[in-house]
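Notebook open. I wanted to look up how the parts of this chain meet and what sits around the ligand.

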Amino acid sequence: MAAKSSYKPVTHIIFDSDGTVMDTENIYTDAINEIVEPFGKSYTYEMKLRYMGMPALQSAQKLVTELQLPLSPEKYLKIFDAVVLRRIQNVKLMPGVKDFILHMHDHRIPMAIATSSVRAAFDVKSTPHRSLLPALHHVVCGNDPELQPGRGKPLPDIFLLAASRFHPAPEPSKCLVFEDSPNGLRAGIAAGMQVVLIPDPRVPAQLRRGATQVLDSMADFKPQLFGLPHYDTCSKFEFG
Ligand SMILES: O=c1[nH]cc([C@@H]2O[C@H](COP(=O)(O)O)[C@@H](O)[C@H]2O)c(=O)[nH]1
Ligand SMILES: [Mg+2]
């Protein structure tokens, strides 16, 4: 389970959303294939490993060039937004997410989301789970006005911005990131944060390097390893 033997205590948590909190990555794969297949192309998992976690415009630019689609990135993105919107109405949470967020909230651990997804898409995806949103101090989306265009994951900017919006703002080293994608892992490391990686089983070992811990599921996370309150049976009975 562990990629490293030493874990340092943290005070704040920053979650990636797609593929980490929300079960959306298969939806993105299917949506992209729906767009590219009529052109005789396919969106391979090898490509996905390079694109996932990137802001939509950056991945659109790369995809249109790599697959030589007869579309501008802007036109592709318009189609992509419409196809994704149709598919993300009833998104589920990843296993263990709800219990973990509620448990940390019970113990007043400050939490945020830092997602490359644009705000409008995040709002649609989070609608079925809106009762959890008050547990989060804030959500930073990929189109946040304080993020420079072109500086998405794997660059650290979105995680540093998310950390700076807590009151008071913690040092990056006091933030624990939860991520699923190799781009997100690199962004968290570049931000000077510990990263718990919960990858798709197809993510190869070399793209998991640098993760503080690699888990199969958030349900396997042991908060006490990072100085966070451990799960106890009493609070489970009290709060169901
Ligand atoms: O197969 C893919 N999955 C996800 C993305 C991009 O990753 C973002 C999700 O990022 P995050 O995991 O940071 O929430 C999506 O909005 C999309 O822009 C992509 O390009 N291709
Ligand atoms: Mg992700």
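I call two residues in contact if their C-beta atoms, placed from the backbone, lie within 7 Å. This is a predicted model, so I keep in mind that local features need pLDDT of at least 70, side-chain atom pairs count only at pLDDT 80 or more, and totals for chains, interfaces and linings use all residues. Residues are numbered from 1 along each chain as its sequence is written, while chains are lettered from A and ligands numbered from 1 in the order in which they are written.

Entry: domains. I looked up the assignment and got domain 1 (12-23 + 91-239) and domain 2 (25-87); such bounds come from an automatic or database domain assignment. Their C-alpha centres sit 24 Å apart.

Entry: where they touch. I found 18 residues of domain 1 in contact with 11 residues of domain 2. On the domain 1 side, helix H6 (119-126) and helix H8 (182-190) each give at least two residues, and H8 has the largest share with 3 residues. Helices here are DSSP runs (H or I, at least four residues), numbered from the N terminus.

Entry: ligand 1. I count a residue as near if its C-beta atom, placed from the backbone, lies within 6 Å of the molecule. Of the 22 residues around ligand 1, Asp18, Met52, Ser59, Thr115 and Ser116 come nearest. Both domain 1 and domain 2 put at least three residues into this shell. Helices H1 (25-36), H2 (45-51) and H3 (56-66) supply at least two each, with H1 giving the largest share, 4 residues.
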